[in-house]
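Here is a short walk through one protein chain. Keep the structure in view and follow each stop in turn.

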Amino acid sequence: MRAFVAVDAPGTEIAELQQEMMSFSGWSAREVKPVEQNNFHFTLIFLGEITGQQAEKVKEKLAKVRFEPFPITYTGVGAFPKASNARIVWVGLDPEGSAMLQELAGQVVAKTAEAGFVPDKPFSPHLTIFRAKNRHVAVDTAKYAGKTFGTSIVDRVYLKKSELAPSGPTYSNIYTVSAAEEKGA
């Protein structure tokens, strides 16, 4: 199975931002694919294709991750590789939420390393909201600098399975780690 470890990012304001950006930028559905609201997440580590046995080992290691719930505020818009030639359009986080999410990602990466997984790139807190299709697009990131698009609480980490289809990916949670406060710890 294709798998990754992530934090969900519920956000109706982000879905509204997507609609505004489509309208403002004049992007068509042929140019960009908006990420569906139920698929908003921060990937902490991408594991790639793993076996059932590897998934069990990852679950065992993730069970040792400890964290308390923390708030994140969605802030600003950015793009990879760059705003004038974007393949990915994303929303960032406030500095405090970003630091907390990086700390959580560090813990997850350390635990999954014990199961033999190494990240293919350093964790960079960003929420992908669009993927360019056949060609890159330009994004006016300055228009969204300093703007916020809602807040949510990070209180769960998920081991997710990803199934790819022509209509888009389907993600399902196959293991959940809850924040310490919810466990009564």
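Start with the neighbours of K160. Leaving out residues up to four places away in sequence, K160 touches R2, A3, F4, A6, D8, Y171, S172, N173 and I174. Keep in mind that this model is predicted.

K160 belongs to strand β8, which covers residues 156-163. Its relative accessible area is 5%, so K160 is buried. One of its contacts is polar: the side chains of K160 and D8 are joined at 2.8 Å.

K143 lies over the face of F24, and the distance to the ring centre is 4.3 Å.

Now turn to rings that pair with rings. How many aromatic pairs does a search of the whole structure find? The search finds 5. Take F42 and Y74, among them. Their ring centres are 6.5 Å apart and their planes are at 0 degrees, so this pair is stacked. F42 lies in strand β3 (residues 41-49), while Y74 lies in strand β4 (residues 70-82). The two are 32 residues apart in sequence, so the pair ties together separate parts of the chain. Both F42 and Y74 are buried.

Strand β4 also holds F80, which pairs with W90 in strand β5 (residues 85-93). These two residues are 10 apart, and their pair links distant parts of the chain. The pair of F80 and W90 is tilted. Its centres lie 5.5 Å from each other, with 35 degrees between the planes. Are the two partners buried or partly exposed? F80 has 31% relative accessibility, so F80 counts as partly exposed. W90 has a relative accessible area of 19%, so W90 is buried. The cut-off explains that result, because buried means under 20%.

End in a loop. A29 is found between α1 (12-25) and β2 (32-34). Is A29 buried or exposed? With a relative accessible area of 52%, A29 is exposed. The cut-off matters here too, because exposed means over 50%. A29 still has contacts beyond its sequence neighbours. Setting aside those within four places, A29 is in contact with M22 and K133. One more distance places this residue. A29 and V139 are 110 residues apart in sequence, and their C-alpha atoms are 16 Å apart in space.

Definitions and conventions
Residues numbered from 1 in each chain as written. Predicted model: local features only at pLDDT ≥ 70, side-chain atom pairs only at ≥ 80, totals over all residues. Heavy atoms only, no water. Phe/Tyr/Trp six-rings, centres within 6.5 Å; stacked < 30°, edge-to-face > 60°. Helix = DSSP H or I, 4+ residues; strand = E, 2+ residues; numbered from the N terminus. Buried < 20%, exposed > 50% of the residue type's maximum accessible area, 1.4 Å probe, protein only. Lys NZ or Arg CZ within 6 Å of the ring centre and 35° of its normal. Contact = heavy atoms within 4.5 Å. Polar contact = N/O pair within 3.5 Å; in protein donor to acceptor, adjacent residues only side chain to side chain.
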